[in-house]
Amino acid sequence: MQRIAERDPAALRELYDRHAGLIYAIALKMLKSRDEADDLVTDLFWELWNKSARYDVTRAAPVTYMVTLARSRCIDRLRRSNRHKASSLDSQAERQETDAPSPLEGALLDENRGLVRQAMSRLDANQRQALESAYFEGLTHSEIAEKLGKPLGTVKTYIRQGLIRLREALRKTDRVPT
Amino acid sequence: MTTEPDPDLMLLYVAGAADPEESVRAEQLLSSASPDAQAAYAEALSLFHAVPLGLTAVLPPAAVGDALMKRVMADASAAAAPTMSFGSTSVAAGVANDGRGATHASTPSTDYASRFRWPVYVTSGLAACLAVALTLSVWNNSKLSDQNARMSTTLAGLSAQNERMSTTLVGSQNVLRSPHLTLASMQTGDGTSKSFGRVLFCPVTRQYQVTVFNLKPLPPGKAYELWLITPDQRKVPAGLFTVDGQGTATIIAHPRQPVDVAANAAVTDEPAAGSDSPTGSIHLVGALPAQ
């Protein structure tokens, strides 16, 4: 990111090669449109090229920053296309974009993505669905409750337990600083 | 009001699952500047943003990266370019000087014209020489511009080729560095050809590196296309390529749709723009290891 701030195109290319696949997967999952996902990836990396000074290395690993930015921009697009109701998460996503700290930085490295995938696959189906609805659709817990046809308290439990189990799975591998 | 950190509260807060009262409490804890509360918030936030890391990476179409990098390169070049103009200043000055000289030469004094015609001849001669030099200069400049345009086109082509090779190289490095690397082979269907292929697979990044050998070069308008085939026989196009003079090529698979598990890989010949489903001959096919 430092090299990008110094206007080194090769640095952006390296960042793109390393993370574009993940960003594109997030965009496809959230936007459900290949064209929009193409645009989002282009816009996001163009934004990184032009506004890399906004990135604070002391607050977040690059991948954390990019994932957060990708989610935030996807929510912006969903809102603009009237496919998404404004939710309290929107403002939170903006806050995370600049404030995201990185105590779990180790878990966010590429080589640990397999561990996250494994941990997610071991979640209870309801927990995983609730978590994914909160993350990828930006739904509030009441909207998730309506979507899943479950009581509000149950959905909150799903989300809380899902994140707790994710944390436990990552801690077992010593990938997560406690 | 307690200021004790509550990890579960922070989990709900960052996931948007906190009630209004819980949100207020979380924000009060955060504003209390308690290190424990900050740490709990940070951990919850990082956990929440670990959720998408479980997604299988899907590489965007190569055109997306190419267009982005062209834009970035143009931006970087524009920022680095000096503000001076090229050539026009000296040419313009030459025209102006020449114009001034010609004006003086064409308005001689009547007295001197009859007695001292030689300065007029000399001046006219000089003006003619300048005009010829100027014409040659403009012509030469035009040739240089054409040459410059051709070289720029060649350079852009080489740059794009370099970017593609860099992408493949980075992808290959990622695959080869994996401690969980698996290897599979691809063969021709009938065994009558010397063609074969190797597939390296990294189960962590879900990247496939495919190298083919002894494939025949295809005629213009055709290209080889790599396919990843799922256990339910869904055939996902994963990249177009051509081979070199030795019939060899190495590519990193770019599946156009997410592929959670691929059971087989295959190579067919297709129109140069690629196909959504296989239409040409199958040149190589092979089973992939269990993932």
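The legends below describe close-up views of a predicted model.

**View 1. Chain B and its elements.** Chain B contains seven helices and eight strands. Of its 291 residues, 28% are buried.

**View 2. The side of chain B that touches chain A.** Here 43 residues of chain B are in contact with 56 residues of chain A. Two or more residues each are given to this side of chain B by helix H1 (7–14), helix H3 (35–48), helix H4 (62–80) and helix H7 (118–176) of chain B, and the largest share, 10 residues, comes from H4(B). Sorted by class, the residues on this side of chain B are 30 nonpolar, nine polar and four charged.

**View 3. The crossing of helices H2 and H3 in chain A.** The axes of helix H2 (residues 9–31) and helix H3 (residues 34–50) of chain A come within 9 Å and cross at roughly 140°. An angle over 145 degrees would count as roughly antiparallel, and H2(A) and H3(A) are therefore oblique to each other; their crossing is right-handed. On the side of H2(A), the contact is made by A:Leu12, A:Tyr16, A:Ala20, A:Ile23, A:Tyr24, A:Ala27, A:Leu28 and A:Leu31, while the residues that H3(A) brings to the contact include A:Leu40, A:Leu44, A:Phe45 and A:Trp49. By class, this contact of H2(A) with H3(A) has 15 nonpolar, no polar and two charged residues.

**View 4. Helix H4 of chain A.** Helix H4 (residues 62–80) of chain A has 19 residues, which at 1.5 Å a residue should span 27 Å, and the C-alpha atoms at its ends are 27 Å apart, in agreement with that expectation. Because 15 of the 19 residues of H4(A) are buried, this helix is largely enclosed by the rest of the structure.

**View 5. A loop residue of chain A with a positive phi.** A:Lys32 lies in the loop between H2 and H3 of chain A, and, although A:Lys32 is not a glycine, its phi is positive, at about 55°. A:Lys32 has 12 C-beta neighbours inside 10 Å and so counts as exposed, since the cut-off for that class is 12 or fewer.

**View 6. A loop residue of chain B with a positive phi.** B:Gln233 is placed in the loop between strand E4 (222–229) and strand E5 (235–241) of chain B. B:Gln233 is not a glycine, yet it has a positive phi of about 70°. With 8 C-beta neighbours inside 10 Å, B:Gln233 counts as exposed.

Note on methods
Residues are numbered from 1 along each chain as its sequence is written. Chains are lettered from A and ligands numbered from 1 in the order in which they are written. This is a predicted model: local features need pLDDT of at least 70, side-chain atom pairs count only at pLDDT 80 or more; totals for chains, interfaces and linings use all residues. Two residues are in contact if their C-beta atoms, placed from the backbone, lie within 7 Å. Helices (H or I, at least four residues) and strands (E, at least two) are DSSP runs, numbered from the N terminus. Ala, Val, Leu, Ile, Met, Phe, Trp, Tyr, Cys and Pro count as nonpolar, Asp, Glu, Lys and Arg as charged, and the others, Gly among them, as polar. Axes are lines fitted to C-alpha atoms, for helices over the stretch in contact, and angles run from 0 to 180 degrees between N-to-C directions. Angles under 35 degrees count as roughly parallel, over 145 as roughly antiparallel, 65 to 115 as roughly perpendicular and the rest as oblique. A crossing is left-handed if the near helix is turned anticlockwise from the far one by less than a right angle, and right-handed if clockwise. The expected span of a helix is 1.5 Å times one less than its number of residues. A residue is buried if 20 or more other C-beta atoms lie within 10 Å of its own, exposed if 12 or fewer, and partly exposed in between; C-beta atoms are placed from the backbone.
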